[in-house]
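Hi there,

Here is the structure I promised to pass on to you. Have a look at it first, and then read my notes on the charged side chains below.

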Amino acid sequence: MTGTALTFTRATLVRDLAISVRSGGGWFYAILFFVVFAALAGIAIGPELPALASAAPAINWLAAAFAIQLTVTDVFEDDFRDGSLAIIAAEQTSLFPYFFAKVIFVGLIVATPMILASPVILTMFGISPVHIMGAATLLAIGIPSLVLTAVFAAALTAGLRAGGLLAVVIAAPFLAPPLIFGVLSIETYIANGIFWSPETFVLAALSLFMAVMAPPFSVIALRLGLE
Amino acid sequence: MTSYSRQITLQARNLGCDRSGVPIVRGVNIDVAPGEAVQLFGVNGSGKTSLLNLFAGHYRLAEGQIGWRIGDEEWETISPLNSVLYITHTPPMKSALTSLENLRFWTHSYGVPKANFEDTAYGALDRVGMMGHAMTRTGKLSAGQKRRLDIARAIIAGREVWLLDEPSAAIDSEGAEMVAAIISEHLGKGGIAIAATHDTLGVASKKLVIG
């Protein structure tokens, strides 16, 4: 990327962070949803610690997946509605710097708080303290695939009415692989103490795969949305 | 007043544009040489904005062709890199940010050196009569004031090709004169402008009636 592209990525990121801090704490919803979902799941499962502990990896991943999907759907909406996106697309050489700014934005305000909160959730579910940090790290390895899937779905549905729900439906099949291998990698780690299990490698591969696939297809989707 | 280093010519032949399979625009020819402006007239829904979106590269041509040329170089089918400035019908200003912060974002998008930002931005704000609102959040500004801010963006951009969708909408008559003066200055530097308007633009321009 050229200096101009980097400048534009940073400018977009700074702008979005400033807007999100000033507009009534919308950034807080994702982490709130994450914690509430996990807490309710815990209540539904009941007070048996072994049952809670065995459900913990699945609950942790499901909560993250849904919290990300539901809060990221409108990440392009404002720029789409006020014409910013049409202007950026017409005036800039490429939409990639803009897209990367959005991904970093979501990573900072949605994914990072979730990774930081997951040790609390796992402790609540009775995972032993020795495994807490490892399990949270596994979430961090897989969470890029969740974020990129969500941003891609948001790009596809930008400007559509009720696009939010559609985005969740579109993203659903893409969420299955990270959920399967995310949960398996934590279970393997807790059962055998192996952090870099084959499941972990697949999880990392899924994140890398989305890192390669999501940007070009999202940029194409955004341009098609303007047509 | 220095001229633009690139003098851009635009030529459109037999343009056609469809929306959802329905023909909107047919058989439009446009020639714009450096320093010229074209005004698109037409009733609502006649396809003025669609034409601008064709030039912006958002819509696909149903028929015809668009040619761009820098100086005497070869004709190209897409606009020269970093030449287009687009004023859409809604000023793209975020209500949670101040006028200056909004302009800062757009200034970065045009690659204006950081060191010059304050001078450039305040100069442009002064020009559009918004100096007193530099620190006001744009959510508190009127529609006309936001439009003035968007004109400041045009000044800062330093682009050669201006696509203008109702540039004077919601602006008072005094402000419309100011917009006309800014467009004239842009044309004086060898820039080109294509404007969709209902009123007169206030600058010498070719007139084209659509639909």
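Let me start with Arg137(B), which counts as partly exposed, at 35% relative accessibility. Please keep in mind that this is a predicted model. Arg137(B) sits in the loop between H3 and helix H4 (143-157) of chain B. What does Arg137(B) touch, once its neighbours within four places in sequence are left aside? The contacts are Ser95(B), Ala96(B), Leu97(B) and Thr98(B), along with Arg22(A) from chain A. There is also a C-alpha to C-alpha distance of 6.1 Å between Arg137(B) and Ser99(B), although 38 residues separate the two in sequence.

Now to the salt bridges. How many turn up in a search of the whole structure? Over all chains, the search finds 19.

One salt bridge pairs Asp31(B) with Arg13(B), and the closest N and O atoms are 3.0 Å apart. This pair links distant parts of the chain: Arg13(B) belongs to strand S1 (residues 8-19) of chain B and Asp31(B) to strand S2 (residues 22-32), 18 residues apart.

Asp18(B) forms another salt bridge, with Arg26(B) as its partner and 2.9 Å between the closest N and O atoms. Asp18(B) is partly exposed, with a relative accessible area of 27%, and Arg26(B) is partly exposed at 38%.

Arg104(B) lies in helix H2 (residues 99-109) of chain B and Glu118(B) in helix H3 (residues 117-127), so the pair ties together parts that are 14 residues apart in sequence. Arg104(B) has a relative accessible area of 30%, which means that it is partly exposed, and Glu118(B) is partly exposed too, at 38%.

Finally, which residues are joined into one network by salt bridges that share partners? From chain A, the network takes in Arg15(A), Asp16(A), Asp78(A), Asp79(A), Asp82(A) and Lys102(A), and from chain B, Lys94(B).

Happy browsing, and do write back with any thoughts.

Best wishes

Note on methods:
Residues numbered from 1 in each chain as written. Chains lettered and ligands numbered in written order. Predicted model: local features only at pLDDT ≥ 70, side-chain atom pairs only at ≥ 80, totals over all residues. Heavy atoms only, no water. Salt bridge = Lys/Arg side-chain N within 4 Å of Asp/Glu carboxyl O. Helix = DSSP H or I, 4+ residues; strand = E, 2+ residues; numbered from the N terminus. Buried < 20%, exposed > 50% of the residue type's maximum accessible area, 1.4 Å probe, protein only. Contact = heavy atoms within 4.5 Å.
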